[in-house]
Amino acid sequence: MSEAKHTPAELGRIDLRPPRSDRRPALPEFRKGTYCYSALAKNQRYLGLPSRGEWQPHQEQWPLPDNWQRIILDGMADRLKRFRSLAVFMDICVRCGACADKCHFFIGSGDPKNMPVKRAELLRSVYRRYFTTAGRVLGGVAGARDLTPEVIKEWFYYFYQCTECRRCSVFCPYGIDTAEITMIGRELLNLLGLGINWITEPAANCFRTGNHLGLEPHTFRDNIDFAVDELHDITGIKVETPINKKGAEVLFIIPSADIFGTPHYFTFLGYLCLLHEIGLDFTFSAFASEGGNFGLFHSHEMIKRLNAKIYAEARRLGVKFIIGAECGHMWRVLHQYMDTLNGPADFLEVPRSPVTGTVFDHARSTRMIHLAEFAADLIHHGKLKLDPARNDKWVVTYHDSCNTARAMGILEEPRAILRAVCNHFHEMPENTIREQTFCCGSGSGLGTEENLEMRLRGGLPRASAVRYVKERHGVNLLACMCAIDKATLPTLLDFWVGGVEVAGVHELLGNALVMQGEKARTVNLRNEPLVAEEG
Amino acid sequence: MRAFTALLLVAGLVGIAVAAARVPALGPVVTVALPYAAVAVFLLGLVVRVVRWARAPVPFRITTTCGQQRSLPWLKSQELESPSGTLGVIGRMALEVLCFRSLFRNTRVRVGDGGRVVHGDRRWLWLAALAFHWSLLLVLTRHLRFFVEPVPGLVLLVQHVDGFFQIGVPELFVTTFAITLALAYLAYRRFANPQVRYVSLVADYFPLFLLLTIVGSGILMRHFAKTDVAAIKELAVGLSTFHPRAPSTLSPVFAVHLLLVSVLLAYFPFSKLVHMAGVFLSPTRNLANDNRARRHVNPWDPDVKTHAYEEWEHEFHDKLTAAGIPLQGAPPPPAAGIPLQGAPPPAAGATSQGG
């Protein structure tokens, strides 16, 4: 592990004052630990994408196709016509700098090109040179620059050093959204076949098997069965977990990491507790076995390709509506893209809780609700018997994931659940939660091992806020609703903070949920004693 | 260097204006032809720019939500931060355009020892920006007294309120102070804040220096250099009624003021100043967060190859059987193009891709 090379003291020395001038050549240094490896040819080919063969970003010569400039410029012209966001954002930035120190990657690295305004200028300068009169005539004076191979390298470095978290867009007086810039910048790079493997491989897996991890149906079944057995040991209850069951009321969509990694897995046990206890008639789908969608980090076309299976399976299985579990970017796709790309979902019904009768009118078109919305409604109506003391070993804080906060506004539902299921809950400082929440530093397909230094740097502002509540309130558990958070925050918090674990909201719900016929619980869903051991 | 380039450009324009004021033959050019041309370029340029933006569709509803969504009835939604409908959007946009809501959130971050990230409120940018833009609006309104006869009551009212403190003759306007201070701070900030300095372009310094010079020449005319106000009013009314008459003499200060205003107008549509119009078209702000309630249609919905269930079942048929997962029912392999009951047809041109 390359993290051994770094210490918090060393990585924490950051100067946020850029040099007086940026007239250094546009050549990023592809230093180990700060970039992701290129997409493997087999994955590019599987998805029908252009492949540049075997190459790595640190190489001097990049294998650009002969007409690469034409491809990029045509791609830009095409996207300026297709995305009003891009057309407007290219023109209206006044470089007021309000976004500058809002980016976790800038705060954690001090690299001035990680200021959102500068990241956008990397694209804007080329836009000026080829798409505006002033830029064509005046060149550098008008802030324009030629499209050179160095520019492509710079784009690659910095567009894969943005997690599309949209925090900057909260602070921008015009709502300029760097996620749009980065998404379109990555689309342009992908036109040349310059992708990263941590995105392309999950996407290829997802296209083939239905999920990012490439779990084939029998493995999907086995992993779920394993969880059922584990839950039986903990609660004494054997829960039903139908897969591909036709005519179920609800199709239940999870991020596949929930049945594969920890601490996701404990959250998965929490879902099973809840769904069993209320007797919901639901089914998994072994094909729609992933709600997550790395297409979001690749191209708008890829979003659609990977997302199509969800409505298709809902239709095939004849369910009434869909519930989605805890995940961040998955929910950005489900909330802001799915209905547009693969809807209309007129074959489904408007979600209605069979337990409380609540009609989820806000999802009347997409017909898919978040499990936290569903569970918060159950708790509000007193339909769940809860014993929050079972979570008493935890002093909990809540980390809003970027996408559920800034692309959905689902802020209070998880908090309502947490307040009901645990006795010790403390918020992090207000500049670091809700719409101002800080990214884990590993989102948008950058959560790979080779990129560890940059992930640790990007996660610094989040970790710093966790350290604050740890020192102040003794927080020892960070709850969240995002699979990428669960995969990457443990490493981040171990490095910067120490002694704080990561859990899903529904893991804590599952701990507190008093189930009918359960045996006396002595352990939590992690199979750890319910009370903290002394010493 | 970039600031210097911008300064040179503005100084050059001032030089041209002063020189032109000395050549009587150029009087009509500076006072009539140039203003008309500038206004024409401004209007036409802005229309072209806005039409170009508006012709690009909004394929996805990508609202940036800055508050609680409308979901469950017992959870209070924040309609101005995460609007669930048109009314909320109007409110959100009004706050943004009139009060610079987002800028008001501004913080200043520093990283202390051991990577301790400290956030502090930072409202100076918001204050200066608000002071500048509102002052500019009021100053422009006051200027209508030159262009319209009789002067409308609203203009007189603005002028009256603006000169409330009645200091000096002619009285000093509050907005004169406000706009000067605000512009000075914004210029100072571009130099003093290393982050802003790093990203600043010539195109950022130029309009600042241009505006400062315009304001300065205005102050000079009102309070220091005696200017023939009657002649200027005659010119302005002539221009606005399309019966322009160039004044017989042209004071250098007025020439500078007028020429720079003309340049500003003509420069406007081709510069970052179009943020004035663009802010209304920003899709992260002007769309409701009602994604799951109302379907948003993308006019260029991409036609892509998706993976049909039948192909998937075909590839994993044996594993599905072994795992006891129910199959669709039809014996494999399903022929592409023949949709199975209750299932969507495979995507056009879909073929089974071996793993």
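**Setting up.** Before looking at any helix pair, I note that axes are lines fitted to C-alpha atoms, for helices over the stretch in contact, and that angles run from 0 to 180 degrees between N-to-C directions. I am working on a predicted model, where local features need pLDDT of at least 70 and side-chain atom pairs count only at pLDDT 80 or more, while totals for chains, interfaces and linings use all residues. Residues are numbered from 1 along each chain as its sequence is written, and chains are lettered from A and ligands numbered from 1 in the order in which they are written. My helices (H or I, at least four residues) and strands (E, at least two) are DSSP runs, numbered from the N terminus.

**Entry 1: a helix pair in chain A.** I looked up α12 (residues 217–235) and α13 (residues 264–277) of chain A, whose axes come within 10 Å and cross at roughly 75 degrees. That makes α12(A) roughly perpendicular to α13(A); the label covers 65 to 115 degrees, with under 35 counting as roughly parallel, over 145 as roughly antiparallel and the rest as oblique. For contacts I use C-beta atoms, placed from the backbone, that lie within 7 Å of each other. On the α12(A) side I find Ala227(A), Glu230(A) and Leu231(A), and on the α13(A) side Tyr265(A), Phe268(A), Leu269(A) and Leu272(A). Sorted by class, the contact has six nonpolar residues, no polar ones and one charged. Here Ala, Val, Leu, Ile, Met, Phe, Trp, Tyr, Cys and Pro count as nonpolar, Asp, Glu, Lys and Arg as charged, and the others, Gly among them, as polar.

**Entry 2: the four-stranded sheet.** I traced an open sheet of four strands in chain A, ordered β2-β1-β3-β4 with parallel pairing; strands pair if DSSP finds at least two bridges between them. At the edges I see β2 (282–283) and β4 (368–370) of chain A, each pairing on one side only. Two bridges hold the parallel pair β1(A) and β2(A), and Leu251(A) has Thr283(A) as its bridge partner in β2(A). Between β3 (residues 321–324) of chain A and β4(A), also parallel, I count three bridges, and Ile323(A) is partnered by Ile369(A) in β4(A).

Which way do the residues of β1(A) point? Val250(A) and Phe252(A) go one way, Leu251(A) and Ile253(A) the other, and all are buried. Buried is 20 or more other C-beta atoms within 10 Å of the residue's own, exposed is 12 or fewer, and partly exposed lies in between, with C-beta atoms placed from the backbone. In a regular strand the side chains alternate between the two faces of the sheet.

Next, the helices on this sheet. I find α14(A) lying across β1 (250–253), β2 and β3 of chain A, at about 150 degrees to β1(A). Helix α17 (residues 371–380) of chain A also packs on the sheet, touching β3 and β4 of chain A, and its direction makes about 70 degrees with that of β4(A).

**Entry 3: the three-stranded sheet.** I noted another open sheet in chain A, three strands in the order β5-β6-β7 with parallel pairing. β5 (396–399) and β7 (501–504) of chain A are the edge strands with a single partner each, so one side of each has no neighbour in the sheet. The twist averages 35 degrees from one strand to the next. Four bridges join β6 (residues 477–480) of chain A to β7(A), and Ala503(A) is the partner of Ala479(A).

**Entry 4: Ala405(A).** I picked this residue in helix α18 (residues 402–406) of chain A. Is Ala405(A) buried or exposed? It counts as buried because it has 29 C-beta neighbours inside 10 Å. Leaving out residues up to four places away in sequence, Ala405(A) touches Asp400(A), Leu411(A), Arg434(A), Glu435(A) and Thr437(A). I also checked Gly328(A), 77 residues away along the chain: its C-alpha atom is 8.8 Å from that of Ala405(A).

**Entry 5: domains.** I took the bounds as they come, from an automatic or database domain assignment. Chain A is split into domain 1 (2–9 + 24–195) and domain 2 (203–512). Their contact takes 29 residues from domain 1 of chain A and 32 from domain 2 of chain A. On the domain 1 side, α5(A) gives the largest share, five residues.

**Entry 6: chain A against chain B.** I find 103 residues from chain A and 90 from chain B in the contact. Helix α14 (residues 300–317) of chain A gives the most to the chain A side, 10 residues. By class, I have 48 nonpolar, 22 polar and 33 charged residues on the side of chain A that touches chain B.

Key. Two residues are in contact if their C-beta atoms, placed from the backbone, lie within 7 Å.
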